[in-house]
Amino acid sequence: MILIKNGHIKPIVGAELENGSILIDNGKIVAIGETLEVPTDVDIIDAGGRLVTPGCVEAHCHIGLHNQSMRWEGADYNESADPITPHMRAIDAFNPMDPALGEAIRGGVTTACTGPGSANVVGGTFMIAKLYGKRADKMAMVENAAMKCAFGENPKSVYGQNKKTPKTRMATAALLRELLFKAKDYLAEKEAGKEPKFDMKLEAMLPVMRGEIPLKAHAHRADDIFTSIRIAKEFGVKLTLDHCTEGALIADELAEECYPALVGPTMTNKTKPELRNKSFETPGVLHDAGVKICIITDAPVITLENLPMCAGLAAQAGLPMEAAWRAITINPAEVLGVADRIGSLEPGKDADIVIWTADPLTTIGGEAYMTFIDGKIAYTAEA
């Protein structure tokens, strides 16, 4: 057992404790309080009055697939030979030895939803992974968490320049619809007791058609966001709005639709036309309209250890500070469907805990003093 004592505990859900303790046993949080009864043989860690929070959660990135410092050899996140590749799986390319994982842990990020990039109209499934370990199978919380699809410039630029479809936004939408129609018929045959000819792409789409996982829609421009919503409604499938760069322009409309917005990466230059309205004000505008938001880095576009800084910049631009914290903890946990395990400090949840050197949302250079993942010390500044 481990006792973290003398910490300023910010559980995200519930009241803060100016001087509290957290008891950990077998990888789980057992108790939180100002005074706790603990066994005499417990290992004690004195937080020294430092801020203690749950580990941060990244809802959209490519860490472990776009391997840091490995140039093109490490780029395993876009199978850009075919615009429709739903049968690609992030877990089959995830590299636990990517040095970016250790840097993310030092930055207080303990869990990430990571997967294929946006070269393809449909790119494959994302996984949800704890960032500490040696083997992807053991690090995965959820092996197949969402199906990546992409709208706008990226699939057009990858295939259009090679005189292949899609060259237009119409073609992107048409290719996605064609796949969804085929997957719908494929599922109907299976449910009717028939045995359709095996199709690996359509098999991969079955969790989407059954409503088990969402389409994870890369969409920056307002019209692309609406196209993703239009198609999701046509087929009755779940959806998350990833990037949502022009979300502030249509916040009232998005509030009516009730899809979560995963906003970012914002701490970068405007590298293409569809990013011209990118702003740190977007999370605050969406939040004020009633849209559930997460803040994302899209790592390696922004390195993952800077996720808290991105939340702090959004707070500086108008997002309430508590909402900024929620946007990198409990909100992504809820959107990803794993809030029963991570995203807040509560008894029964995984002991993914960060003791900070300083509040990372308000202090430049604030990073982890200690990071725990599943109750194990994954990083300590004292080492």
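## Enclosed cavities

In this predicted model, the largest cavity has a volume of about 40 Å³. Its lining is made up of His-243, Thr-245, Val-263, Gly-264, Pro-265, Thr-266, Lys-278, Ser-279 and Thr-282, and by class these residues divide into two nonpolar, six polar and one charged.

The structure holds two cavities of 30 Å³ or more, and the second largest cavity contains about 30 Å³ of space. The residues that line the second largest cavity are Val-263, Gly-264, Thr-266, Phe-280, Pro-283, Ile-295, Ile-296 and Cys-310. By class, the lining of the second largest cavity has six nonpolar residues and two polar ones, with no charged residues.

## The largest pocket

Sorted by class, the lining of the largest pocket divides into seven nonpolar, 14 polar and three charged residues.

## Helix 1 and its buried face

Helix 1 covers residues 99–106, and its buried residues are Ala-100, Leu-101, Ala-104 and Ile-105. When the helix is viewed down its axis, these buried residues fall within an arc of 140 degrees, so they line one face of helix 1.

The buried residues of helix 1 pack against several other elements, namely strand 7 (109–114), helix 2 (136–139), strand 15 (368–373) and strand 16 (376–380). Just after helix 1 comes Gly-108, which takes a positive phi of about 85 degrees.

Ile-91 is placed in the loop between strand 6 (56–61) and helix 1. Is Ile-91 buried or exposed? With a relative accessible area of 9%, Ile-91 is buried, because a residue counts as buried when that value is under 20%.

Leaving aside its neighbours within four places in sequence, Ile-91 is in contact with Met-127, Ala-136, Asp-137, Ala-140 and Glu-143. Ile-91 and Ala-217 are 126 residues apart in sequence, and their C-alpha atoms are 19 Å apart in space.

## Cysteines without disulfides

How many disulfides does the structure hold? The structure holds zero disulfides, and the distances around two of its cysteines can be set against the cut-off of 2.5 Å between sulfur atoms. For Cys-113, the closest cysteine sulfur is that of Cys-61, at 7.5 Å, which is too far for a bond. For Cys-294, the closest cysteine sulfur is that of Cys-113, at 10 Å, and this is again too far for a bond.

Cys-113 is buried, with a relative accessible area of 0%, and Cys-294 likewise counts as buried at 0% relative accessibility.

Conventions
Residues numbered from 1 in each chain as written. Predicted model: local features only at pLDDT ≥ 70, side-chain atom pairs only at ≥ 80, totals over all residues. Heavy atoms only, no water. Buried < 20%, exposed > 50% of the residue type's maximum accessible area, 1.4 Å probe, protein only. Helix = DSSP H or I, 4+ residues; strand = E, 2+ residues; numbered from the N terminus. Arc of directions from axis to C-beta. Contact = heavy atoms within 4.5 Å. Nonpolar A, V, L, I, M, F, W, Y, C, P; charged D, E, K, R; others polar. 1 Å grid on protein atoms, 1.4 Å probe; cavity = no way out; pocket = protein on both sides within 12 Å on 5 of 7 lines; lining within 4 Å. Points joined across faces, edges and corners; volume = space filled by probe spheres on them.
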